[in-house]
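Have the model open as you read.

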Amino acid sequence: MAVQEKGILNRLYFVAGCMFIFGIAVVFKLFSIQFIQGDKYREMADKRDIKEMVIPANRGNVYSSNGNLLATSIPKYDIRFDALASSNKNFEKHIKGLSDSLSVYFGKPSSYYTQKLRKERKNKSRYLLLARNIGYSQYLRFRSFPLLNLGAYKGGLIVEQSTKREYPLGVVAQRTIGYERKDEAGNVTRPGIDGAFGESYLKGKDGLRLKQKIGKGQWKPIVDYDHVEPVDGYDVYTTIDVNIQDIAHHALLEQLEYYEAEHGCVVVMDVKTGEIKAIANLGRTSTNTYYEKLNYAVGESHEPGSSFKLMALMVALEDKKIDTSTIVDTGRGKKHFYGRYITDSKTGGYGKISAARALEVSSNIGLATLIDDAYADNPQQFIDKLKSWHLNERLGVAIKGEGKPDIPQPGDKKWSRNALPSIAYGYNLRLTPLQTLAFYNAIANNGKMVKPRFIKEVKEHSKSIEKFDEMILVDQIASKETLDKIHEILKNTVERGTGSSLYSKYFSMAGKTGTTRVEYWKDGWEENPKYISSFTGYFPAENPKYSCIVVIHEPKVKKGFYGADVSGPVFKKVAQKIFTDTPIKEEIKSLNAETVQLTKDYNSYNDKARTYITIMPSVVGLPVMDAVALLENMGLKVVFNKTGRVKSQSISKGIKVKANQTIELEVS
Amino acid sequence: MEMKTVFNNIKGDRLIWALVALLAIFSFLPVYSASSNLAYVTGSGNTFTFFIKHFIHLLMGFGIMYGVHKFPYRYFRGLSLIMLPLVIVLLIITMIQGTTIDGANASRWIRIPIVGVSFQTSTFASVVLMVYVARYLSKIKDEKVSFKETILPLWFPVFLVLMLILPSNFSTTAIIFSMVLVLTFLGGYPIRYLAAIVGAGLIGFIMFVLVAKAFPDAMPNRVDTWISRIENFSDNADTKEDYQIEKAKIAIASGGIKGVGPGKSIQKNFLPQSSSDFIFAIIIEEYGMIGGLFLLLMYMFLLFRIVIVAQKSDSVFGKLLVLGVGIPIIFQALINMAVAVELFPVTGQTLPFVSSGGTSIWMSCLAIGIILSVSAKREELKQKESNDLDEDLEDNPLEVLSEAM
């Protein structure tokens, strides 16, 4: 036995030795992994399991000038359902409850959902869409539904969050408020204010966070702070006034619908500061409804037509080539110019009129003749004056896609002897509505030309980051003398010229109509004429506060096409509605006088009510309603014929009365 | 007072007690860390339940260990005879029942009806079988036996148990078989007979594979899994095992000398079975080479103590019993580590006392309990001798304390 035990031990040492060697082998392999292959595997670890996740910064809000929200970012949720996630027990237990909840939410019968959910589970659907783009409160509601409230793993709830830009005003000023959109190819379109100030202010800075993979496609943050903190975007306060915008939008819409026009725009600008208070752009869809299709006011340059006559006349006045009283012969409404005819809209013509009158009645011949006579031998001088007002340059507004103006000059391909008289009444050149408005605004602003702008202030919460003041483009476009004359003419245009139909004695406005032919070079224009109707001006005529331009393209000619008929009413409506807030002329007589009388009546009523309880008082002179109240409180029945003040009473003063006694009042 | 009674009552090799306790205490760190991913992914979000579970497993394990070590080891002789048929019945039940774990058809688990915990019968069978083999070897120690004579009492029960485990768990079968071979080798079983048995084992295994291939419906999944595992160890195709090994190696490489620190393992999130089969990789990632070597040293030290206990045991049965249940623990630990460092194909063996999982902990504790029982008997004998010499008081300091109280 002893030998046997010894044998066991010897063999044991052998086995233990083998195991020890095995252990050494493990250690050897361990070293080899750590030191020989180590770098390779460590690199694999970093690459696969750690990544920088972008934490998107919150995009700033866009506000109107008075603090109304125009654009904001809010989270939206897509709710999906993994039909396989839940156990049979849970599925069977909650399917009824879930179906009922869905039924209440969507309105379809509960049995429909039971059937659908069962079908999807059978089909092993793991990504069934339940609701798309719902808000936070609705998302919370979904999360509380039976089964879904068990969460992702037990209930199969899949929530995908995205941030959506919301526009509380809806379609109003949509194009100007703008947005930033990326298509699948990665191209970014950035229209409007949101687009223009997106990169510089609204966007903010995305944060970064190191995350580590924890399997099953899930990532967890490595540390509890962000690697790079996201910086939220600033809020942009625009110059848009929601009330004026609303007025402009609806006034334009109404007119476009009535005239079945192709498209149109309205811009309202603050005279002193150049702030754009409202900008509405509406285009027609294939179903004849209108929406903010393109920013016509900023982007579309076209022949301005008659509204440009003002600029032409101003050039001549400034150069002292003519005076407002200079007489021009417009003849019988048709005049020959270098091989073609220029006509006036009035049949029979205006005859011999003053230069001022020529503008008031918008005589093409008048302006063409005046300018041609003055500048035919030196057209460059005329063009140079226009250039000094920067009319040939873009305004450089922040919104992308500003249309390029085009004013030809001698030497250009487009230039001909006819170019000068054409320009004089607004053809052969192109301007955007905003550019035209900026010039009219300068006139209203006593010669100071300010740049139209859309942004007022940039804020971080309530802290101001940057404030924007007016930007002067031209200090003084013309002498005070010229401006006074122009003010007078524009006022008269509304009072007795082409805009006389718009005249209102309650509020004053000044402006110029425009009726421009479009595509007149095409064949068949005579049978199917097309016009742009515009009205540009400012209000009130004295100390103007706002300038405004209304442009409507291609109204139904049958219904009307003159600037005064089509665009003028929009202008008037905007002016009128703005001025119900700030009336120039007090319509109502002073309220104070009435108050004195009222107090007196009230006091005498009180005296009488306190003094007379059973004895008839004199109610003569009291308003009848007071008398009735007084007498009925004494228990009398009152008969009277009309309202007014009491002239006489059937029971004299001082007589004792009883309840239910009838008294007749005679009212004056 | 309480503690003292406990210390008073524990018998056997104190160093083994200490080593096992140390391993168990250490195990909380990686198990708790590795369970965080499990808690996160299963959505319960509570890692503490895993901690409690592990604690309860260990507590029960130490209960088993304490109970068993109080048991005079000579009773294991007879007990193994009674337990073996029981184990075979349990294995058959397990095979029929076919509990599915992680979607794979692995009939390895049985649910204990009253307690409600799952239990891996093959691990228990392994312990019982080793005791049975040790008993048989000690019984024939003085006899000269022929090969034929050993077939029925020794190899028939061994192969019966192995065949019942094989369909669901090849690696465990292979390990038990090797352990039986090692034990019979230690027990002085003639080497030429062993060679015949190994040959028979191989033939039996090949037969099984051929049958499984011919009737794939009878044994779904398993055979293919082994073949792929072994193929995969030798070729370069990307498979699930490659993924595990790669993650394990990334974990080991990221650990470096000092490790990334407790709880900071990254690979625990990707390594399936990060708290059991691949816990060694996670330990190295978090505690570095230092932690890994420390752990290896602990097992080597445990092996050393087992050898000492075996050496000092007064009987052949005692020696073989200690080695029969002790060596598999160390072997299993080495296999687990070898898998993590890609020295061995992926087998799914746990790290004794450290990995989470009840069965592994309980059976390792059962084995240690048996070893301690043998060691306690030796102490008892020594004590008796000392008592005779009236020197006992100096010999045992704890005894002194208890007397003083």
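## Where chain B meets chain A

Between chain B and chain A, seven residue pairs are in polar contact, both residues at pLDDT 80 or more; a polar contact is a pair of N or O atoms within 3.5 Å, where one must be able to donate a hydrogen and the other to accept it, and residues adjacent in sequence count only if both atoms are side-chain atoms. On the chain B side, α2 (14-42), α7 (170-186), α10 (240-255), α11 (279-312) and α12 (316-340) each supply at least two residues. Helices here are DSSP runs (H or I, at least four residues) and strands are runs of E, at least two. The largest share, 11 residues, comes from α12(B).

By type, this side of chain B divides into 32 nonpolar, 12 polar and eight charged residues, with Gly counted as polar and Asp, Glu, Lys and Arg as charged. Salt bridges between chain B and chain A number zero (a Lys or Arg side-chain nitrogen within 4 Å of an Asp or Glu carboxyl oxygen).

## A sheet in chain A

In chain A, three strands form an open, mixed sheet in the order β25-β27-β26. Strands pair if DSSP finds at least two bridges between them. β25(A) and β27(A) (residues 662-667) run parallel over four bridges, and F640(A) has L665(A) as its bridge partner in β27(A).

## About the model

This is a predicted model: local features need pLDDT of at least 70, side-chain atom pairs count only at pLDDT 80 or more, and totals for chains, interfaces and linings use all residues. Residues are numbered from 1 along each chain as its sequence is written, chains are lettered from A and ligands numbered from 1 in the order written, and side-chain values use heavy atoms, leaving out hydrogens and water.
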